[in-house]
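The following note comments on the structure shown below. The points begin with the ligand site and then proceed through the sheets and helices to a single residue.

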Amino acid sequence: MIQAQQLTKRYGNKTVVDQVSFTVQPGAVTGFLGPNGAGKSTTMRMIVGLAAPTSGQVLVNNRDFKTSKHPLTEVGTLLEAKSVHKSLTPLAHLRSMAATAGLPVSRVHEVLELTGLSGVQRKKVGGFSLGMGQRLGIATALLGDPQVLILDEPVNGLDPEGVAWVRNLARQQAAAGKTVFISSHLMSEMAQTADHLIVIGRGRIMAEAPISEFIDNGLSQTIVRATDIEVLMNALSAEGVQLRRLDGQSLEVTGPDSEIIGRRALEAGVVLSELRPLQRTLEDAYMELTREAVEYNSNIVAEHSGGK
Ligand SMILES: Nc1ncnc2c1ncn2[C@@H]1O[C@H](COP(=O)(O)OP(=O)(O)OP(=O)(O)O)[C@@H](O)[C@H]1O
């Protein structure tokens, strides 16, 4: 379990993580989602003590991870791709990591197999693609068979097969009771992997909920079509719902679900020719939540490039 309480990080006068509190539970995959620059990597680095919080605290399995005597068997991390020296082979790298942590060499071969790197175990890492580097990073994270996995954008650079592989791996680890915390800026990817989502934007938590709730939290939108649409509009406007006229016979209703709209139409004696709930995808929900954060970042880029 990971518990962050009022976690804050400032660089100079810029607050990049702002009083963030959340819990990442074992036995589930928790997605940490946010646009570029939202503060995901910084938060993850603070969890494992690679960055010091300006204020607040974060506990891993109820302890400060910095004090861990067996870091590799407690937390596995993928925080920087290709952090392995170019002249090393996967075998040499993993062997030295295993030796430092007092792990058997047999575990090195297990993770090489698990990550599909057995065939290149004696090749120099310098010639690896980004995807292979990611696989080696994941192999390193898994080496100590840790209770907690923290993976920062693990599918970066992976082909579709690699993406599916990471997804399965994350699901398997969660099914085995591990705490799995994965960051991404892509909702589409998280939608298929995570059970629970924490959304961050501009250093602040914007939402935290199970994936299902994440969609349901949005207001329902329904397209309604009827010949005497004005009668229906009168019936619905009495309830203070948002109505948007699309054309002479159709309407977009925001607020009540389609069943309530159908009932109101029946009570008002209006015959409906269409009653169509608009499906909000996770992507829609995410875009809505983070629109401001993305615009903020785009404005910074625009200002900077404008000044050049
Ligand atoms: N060491 C540092 N010194 C100064 N600013 C930093 C440092 N590390 C990160 N930042 C800034 O903090 C903000 C958050 O960065 P962070 O890498 O945590 O975001 P992120 O959500 O992981 O985004 P990305 O997906 O682009 O990595 C960014 O504006 C970044 O420039």
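1. The shell around the ligand consists of Y11, V16, G34, N36, G37, A38, G39, K40, S41, T42 and H185, where a residue counts as near a molecule if its C-beta atom, placed from the backbone, lies within 6 Å of it. This is a predicted model, in which local features need pLDDT of at least 70 and side-chain atom pairs count only at pLDDT 80 or more, whereas totals for chains, interfaces and linings use all residues. Residues are numbered from 1 along each chain as its sequence is written.

2. Helix α1 (residues 40-47) supplies the largest share of the ligand shell, namely 3 residues; helices (H or I, at least four residues) and strands (E, at least two) are DSSP runs numbered from the N terminus. By class, the shell comprises 7 polar, 3 nonpolar and 1 charged residues. Here Ala, Val, Leu, Ile, Met, Phe, Trp, Tyr, Cys and Pro count as nonpolar, Asp, Glu, Lys and Arg as charged, and the others, Gly among them, as polar.

3. The domain assignment divides the protein chain into domain 1 (2-211) and domain 2 (219-277), with bounds taken from an automatic or database domain assignment. Taken over C-alpha atoms, the centres of domain 1 and domain 2 are separated by 47 Å.

4. Six strands, in the order β5-β6-β7-β3-β8-β9, make up an open sheet with mixed pairing; two strands pair if DSSP finds at least two bridges between them. At its edges are β5 (75-78) and β9 (204-210), each of which pairs on one side only. From one strand to the next, the twist averages 15°; axes are lines fitted to C-alpha atoms, for helices over the stretch in contact, and angles run from 0 to 180 degrees between N-to-C directions.

5. Helix α1 packs on this sheet, touching β3 (28-33), β6 (148-152), β7 (179-184) and β8, and its direction makes about 150° with that of β6. Contact between two residues requires their C-beta atoms, placed from the backbone, to lie within 7 Å.

6. Strand β8 (residues 196-201) runs antiparallel to β9 and is joined to it by 6 bridges. Along this pair, V199 stands opposite A207 in β9, and I200 stands opposite I205 in β9. The two strands form a hairpin with 2 residues between them, and R202 in the turn has a positive phi of about 50°.

7. A further open sheet contains 4 strands, ordered β11-β12-β10-β13, with antiparallel pairing. Its edge strands, β11 (242-247) and β13 (272-277), each pair on one side only, and the twist averages 20° from one strand to the next. Strand β10 (residues 220-226) is joined to β13 by 5 bridges; the bridge partner of T222 in β13 is P277.

8. Two helices lie across strands of the sheet described in point 7. Helix α9 (residues 229-237) lies across β10, β11 and β12 (250-255), at about 15° to β12. Helix α10 (residues 258-268) lies across β10, β12 and β13, at about 160° to β13.

9. Leaving aside neighbours within four places in sequence, R225 is in contact with Q249, S250, L272, S273 and E274. The C-alpha atoms of R225 and S273 are separated by 5.4 Å, although these residues are 48 residues apart along the chain.
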